[in-house]
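Open the model in your viewer and keep the selection tool ready. Each stop below says what to pick and what is there.

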Amino acid sequence: MDLSPLQYGLGAGAGSLVGFTLGLVGGGGSILAVPLIVYLVGVKEPHLAIGTSAFAVAANAFANVINHARHGTVKWKIASLFAVAGVLGAFLGSSLGKAVDGQKLLALFAVLMLIVGVLMLRGRSAGGDPNVQLDRRNAPKLVGTGLATGVMSGFFGIGGGFLIVPSLIVSTRMPIYYAVGSSLVGVTAFGLTTAFNYALDGWVDWPLAAVFIGGGVLGGLVGARLAKALSGQKGLLNTVFAGLIFVVAFYMLYRSADALGLIG
């Protein structure tokens, strides 16, 4: 679809907001990408918004995984096995998502946002085994959780970091800081798989994705700097952001119900 210069400007602004929230509160920030593309930028086709968002989130995750790799917080063998299993799941999930009515998909997405909001309110444990390695005990768990997480990621067109992080912790008992770094490998792989599948049907607006990514880089830098200054207020930031997610989710449910003729 052809977007106006104003819409591309709004796309850059939406990307900046998502990048800012990612830099400020970490995982969960990218959940705002789809509703911003639909309701702020004005992309009427939900599938186009999801496909474009998937690519933008994957690009953002790739940039971040490089930074984590430099700090040695990526367990490459574990992350690779999880990602390979998840890629199959993401392709299956995105194929199913393309077959679902767009407004119904947005309604389901809103329900997912409510779940993310609840998870944002829960604290994360910093414990775990920093020396954990891929072995015969955790490999089956990684394949199973990777496949399941990939399906969810592909179906909704999300990075899925909020699902991947706890999955890695449960499967391997690695510390949270390794789980966050390693999760970005999966987010990148799942997002690219979903975007590729949607692109096969022309449901990725590449120029919009480009300006969204550019805005996200700038917003992420600002958010990360502010996060350092407000590091002592992490719990409060998560609570405020969870509240924002709840508001957006209820708005999406209302709009989807109206579009489906369930209101009035």
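**First stop: a buried valine**

Select Val165, which counts as buried because its relative accessibility is 5%, and the cut-off for buried is under 20%. Bear in mind throughout that this is a predicted model. Val165 sits in helix H7. Val165 and Val180 are 15 residues apart in sequence. In space, their C-alpha atoms are 5.8 Å apart.

Go to Arg173. The loop that holds Arg173 runs between helix H7 (161–172) and helix H8 (176–199). Check the backbone here: Arg173 has a positive phi of about 60 degrees, although it is not a glycine. Most residues other than glycine have a negative phi. Is Arg173 buried or exposed? Arg173 is exposed, with a relative accessible area of 57%.

Select Gly15, Val18, Gly19, Leu22, Ser30, Ala56, Val57, Asn60, Phe212, Ile213 and Gly216. These residues line the largest cavity. A search of the whole structure finds 1 cavity of 30 Å³ or more. The volume of the largest cavity is about 70 Å³. Colour the helices next. Helix H1 (5–25), helix H3 (46–70) and helix H9 (206–229) each supply at least two residues of this lining. Which helix gives the most to the lining of the largest cavity? H1 does, with 4 residues. By class, the lining of the largest cavity has 6 nonpolar residues, 5 polar and no charged.

Move to the second largest pocket, which holds about 190 Å³ of space. Its lining is Val38, Tyr39, Gly42, Val43, Lys44, Gln103, Leu106, Tyr251, Arg255, Ser256, Asp258 and Ala259. Show helix H2 (33–41), helix H5 (102–121) and helix H10 (234–259): each supplies at least two residues of the lining of this pocket. H10 gives the most, with 5 residues. Colour by class and you will find 6 nonpolar, 3 polar and 3 charged residues in the lining of the second largest pocket.

**Last stop: a surface patch**

Switch to a surface view. Select Leu88, Leu92, Leu147 and Val151, which form a nonpolar patch on the surface. Together they have about 320 Å² of accessible area. Helix H4 (76–99) and helix H6 (139–156) each supply at least two residues of the nonpolar patch. Pick Leu88 to land in helix H4.

Note on methods:
Residues numbered from 1 in each chain as written. Predicted model: local features only at pLDDT ≥ 70, side-chain atom pairs only at ≥ 80, totals over all residues. Heavy atoms only, no water. Patch = residues over 30% accessible without salt bridge, like charges linked within 9 Å, V, L, I, M, F, W, Y side chains within 5 Å. Areas by Shrake-Rupley, 256 points an atom, 1.4 Å probe, with all protein chains shown as cover. Salt bridge = Lys/Arg side-chain N within 4 Å of Asp/Glu carboxyl O. 1 Å grid on protein atoms, 1.4 Å probe; cavity = no way out; pocket = protein on both sides within 12 Å on 5 of 7 lines; lining within 4 Å. Points joined across faces, edges and corners; volume = space filled by probe spheres on them. Nonpolar A, V, L, I, M, F, W, Y, C, P; charged D, E, K, R; others polar. Buried < 20%, exposed > 50% of the residue type's maximum accessible area, 1.4 Å probe, protein only.
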